[in-house]
Amino acid sequence: MTTGAPVRVGVVGAGYVGLTTGACLASLGHDVICADIDVARVERLRTGDIPIVEAGLAEVVAEGLSSGRLRFEIGAPAAATNTDVVFLCVPTPQGADGGADLRYIETAAAQIGPVLDAGALVVNKSTVPVGSTRAVEDVLQRPDVAVVSNPEFLREGTAVYDFLHPDRVVIGADDRAAGERLAELYAGLDAPILITDPASAETIKYAANGFLAMKISFVNAIAAMCEAVGANVDDVVEGIGADNRIGTAFLKPGPGWGGSCFPKDSRALVKIAADYGYDFTMMKGVIDVNDEQKRRMVAKVRRAVGLAPGRGLGGAVVAVLGLTFKAGTDDLRDSPSVTMVNSLLASGATVRAYDPTVGVEPVDDKAEALRGVELVGSVNEAVKGARVLVIATEWPEFASIDLAEIATLMAADAVVVDTRNLLDPVAVRAAGLGYDGVGRS
Ligand code: UGA
């Protein structure tokens, strides 16, 4: 890919965002040092071993390592030593008050402040509350260094593609020249570049995620209505989507939105608004609909087992296909499937689950999130003797499961609860199984 002049880039944080950013900038011809405090992670990355499931990432990392344009180092200062542009890509988890916890950003800024080259550019890529660009300036204590905001819009699972083919690049800079310097880094990309002030760039990120979450909550609310009035949500979405002003993108009903971004960013948006005196009731409604959607999916399982409200699921075997928050990733963070599974376990069900990326012996946080779940290595093992089969993640392999075989393996009167509307209800029923989707009357 062609680019402007190669720039010496440092990236602090080699997680989803930092690793993708570093590897893709190296593929655009820049010289990149990607630094992380996790020594084991850095050592793995130096050998080209990628710790996450992300399409195409292994290839761009391998290309960067072999060309010498991508190096991995330990600790934030390494990314800021002899580099021109330093990206902050550290986590901003949800704090106790619902707002973003900025401690990692502040620590990173404090560590790079003393070693930055004169005239360097510091870029905030982490999702941070409005005003954080200035907060980074305050921590850096380097009047000779410009700080700009450059939010990311990468989706897990397609992050490399999204980085190299963005719909837009947003840069927030008080100093226009600093914004233009950063824009040059992206010269190899075919995308419009919007340079604005930092507060607007920071707001764009939250507004984008908030709007997308709103679309999904809207369609999930419509799906609930479809179930009540006897309509079909697939037809409703096709019908409204034909209107150019609406479109069909991001209007797929499901078990509720999850992942590492929407849940925390939607709450942070409510919190930021409240901090500035605005009661963002619409966003609160979007969050409530999402919480309700997860409970609705569990209620479907209860109905499938034929339970009266308030009764436990004791003894019922529930097979769950898919644990990640969406297909194409191994990420369980805020996964609606994990919420459902834990609610089923709490109500006494035996949960047997299969996910192609989680495996049967997860470790660390994943093992913790799935405590009590019987993890198996195939669809058929999961469904054996089960009363209910829940399709929780839209992994393509689940769309072509052998329904006739599954019907022979499951208990009598078994029901499929299809939280992703992945299967054809007619085919499921023809195989002798009950079917309950989302908004499909
Ligand atoms: C999201 C945004 O899409 C990215 O643009 C943004 O950069 C990223 O958050 C971030 O802030 O870093 P991601 O969390 O990877 O990306 O996931 P999405 O593909 O947006 O899906 C989010 C959730 O919505 C998933 O649980 C998914 O299953 C659900 N979803 C999505 C639906 O239920 N229906 C849809 O039509 C689309």
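The following exercises, each with a worked solution, concern a predicted model.

**Exercise 1.** Describe how helix α9 and helix α11 pack against each other, giving the geometry and then the residues in contact.

*Solution.* Begin with the axes: those of α9 (residues 198-229) and α11 (residues 262-275) come within 9 Å and cross at roughly 115°. Next comes the handedness, and here α9 passes α11 in a left-handed crossing. Then list the residues on either side: K205, Y206, N209, G210, L212, A213 and I216 of α9 meet F262, D265, A268, L269 and I272 of α11. Sorting this contact by class gives eight nonpolar, two polar and two charged residues.

**Exercise 2.** Characterise the largest nonpolar core and follow the contacts of F87.

*Solution.* The largest nonpolar core comprises 44 residues, and L25, L57, F87 and L182 have the most contacts inside it. Helix α1 (residues 16-27) supplies the largest share of this core, namely six residues. Turning to F87, and leaving aside residues up to four places away in sequence, one finds that F87 touches V9, G10, V11, V12, T21, L25, V123, K125, N150, L182, L185 and Y186. Another core, of 35 residues, lies apart from the largest one and includes C226, L323, V338 and A349.

Terms used: Residues are numbered from 1 along each chain as its sequence is written. This is a predicted model: local features need pLDDT of at least 70, side-chain atom pairs count only at pLDDT 80 or more; totals for chains, interfaces and linings use all residues. Side-chain values use heavy atoms; hydrogens and water are left out. Axes are lines fitted to C-alpha atoms, for helices over the stretch in contact, and angles run from 0 to 180 degrees between N-to-C directions. Helices (H or I, at least four residues) and strands (E, at least two) are DSSP runs, numbered from the N terminus. A crossing is left-handed if the near helix is turned anticlockwise from the far one by less than a right angle, and right-handed if clockwise. Contact means heavy atoms within 4.5 Å. Ala, Val, Leu, Ile, Met, Phe, Trp, Tyr, Cys and Pro count as nonpolar, Asp, Glu, Lys and Arg as charged, and the others, Gly among them, as polar. A nonpolar core is a set of buried Ala, Val, Leu, Ile, Met, Phe, Trp, Tyr and Cys residues joined through side-chain atoms within 4.5 Å. Buried means under 20% relative accessible area, exposed over 50%, partly exposed in between (1.4 Å probe, protein chains only).
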